[in-house]
Amino acid sequence: MALALSAGRPRTRVAALRDVDDARAARALLPAPDAAPLLHLHLTDNLLGADPVDALRELAAGRRVAITLHDVPQAAEGEARFRRRSAVYVELCAAADLVVVSSAHERGGLRALGGDADHVLPLAIDARQVAAAPGPEPTVGVLGWLYPGKGHAELAELLAGVGRPTTLVALGAVSAGHEGLDAELAARCAALGVGFRCTGYLDDMTLLQEAARVAVPVLPHRHVSASASLGTWMAAGRRPIAAAGAYARETAERLPAALVVADDLAAAVTAALDDPASTVLPADVAVGPTTAEAAAAQDAVLAAWAAPSAGRAA
């Protein structure tokens with residue numbers, strides 16, 4: 001996503017850092033601060049290594065820095081992890097000259113932690129890159145990395161009660177650090193009488209083609225703060241069912257008729273299995289922003305911030 005928003009920029013760099021030494025080495029690859037006094041980073045704490053705040057300061061030394069934060073901490077990820085990551089995100093906000101997030105929900109989350117964001121720029125959605133073609137098999141798909149708490153296990157329990165044979169399809173690979181989760185899910189589904197298939201890593205086009213074919217597209221994670229998976233379903237021509245949560249509701253307010261927000265996920269999935277055509281994104285429903293629109297919005301925010309008279313937004 002970050003690369004798509006920066007397409008064509010000769011000074012775009014990609015890095016995942018392990019420590020401050022990596023940050024120092026990455027800084028050495030950048031133009032000198034007098035030639036490039038501004039730095040914009042799309043990041044999560046994990047991309048900055050073991051000492052994220054020190055790594056950010058090392059990268060930004062001598063420059064003004066703007067950050068677009070992703071994966072804002074939420075209490076649902078567990079108390080110890082939430083507490084640790086929350087402290088880091090507050091410090092990242094304080095260390096940056098400009099902070100951008102991808103949803104009002106994320107901005108509210110930062111404020112609750114004691115940080116803040118200057119701007120909300122929604123994630124890009126390029127709809128209908130392939131034609132939706134839900135197949136006849138009763139498959140229910142979850143898209144993206146597999147990790148604990150994303151909702152696969154809960155969805156398997158739900159499918160065990162729909163009263164018909166179904167298969168849970170995980171469209172993506174297991175996230176690093178959670179190796180074996182696919183085997184655990186397969187065993188759990190087998191015990192419940194639910195089919196299970198994990199595709200493993202898929203390139204972008206293959207992912208869209210697979211997403212276009214499943215009978216019912218679902219986002220079962222209630223606590224997501226901003227989700228590229230939702231836009232990927234729409235890129236596959238789908239109108240996904242999302243478990244009711246703050247981000248799903250926020251997106252539905254902005255893009256009415258582009259998704260189904262389900263307070264009763266079991267009822268919504270059962271109805272969609274009866275009528276998979278209801279999960280096809282209607283031709284007359286506009287969604288966005290497109291990548292071009294999102295890039296233009298990002299450029300406008302950064303240009304205003306870069307102006308000599310600009311300070312941090314109130």
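Two strands pair if DSSP finds at least two bridges between them. Helices (H or I, at least four residues) and strands (E, at least two) are themselves DSSP runs, numbered from the N terminus.

The model you have open is predicted, so local features need pLDDT of at least 70 and side-chain atom pairs count only at pLDDT 80 or more, while totals for chains, interfaces and linings use all residues. Residues are numbered from 1 along each chain as its sequence is written, and side-chain values use heavy atoms, with hydrogens and water left out.

**Stop 1: strand β3**

Select residues 98-101, which make up β3. Look at V101: opposite this residue stands V120 in β4. Strand β4 covers residues 119-120, and its parallel pairing with β3 has two bridges.

Next, colour the two faces of β3. In a regular strand the side chains alternate between the two faces of the sheet. Here L98 and V100 lie on one side, V99 and V101 on the other, and all are buried (under 20% relative accessible area; exposed is over 50%, partly exposed in between, with a 1.4 Å probe and protein chains only).

**Stop 2: strand β2**

Select residues 64-69 to see β2, which is parallel to β3 and joined to that strand over three bridges. Which residue of β3 is the bridge partner of T68? Pick V100.

**Stop 3: the six-stranded sheet**

Show the strands in the order β7-β6-β5-β8-β9-β10, an open sheet with parallel pairing. At the edges are β7 (195-198) and β10 (260-262); each has a single partner strand, so one side of each has no neighbour in the sheet.

**Stop 4: T166**

Finally, select T166, in the loop between α6 (152-159) and β6 (167-171). Is T166 buried or exposed? T166 counts as buried because its relative accessibility is 4%. Leaving aside neighbours within four places in sequence, its contacts (heavy atoms within 4.5 Å) are P138, L159, V194, G195 and L273.
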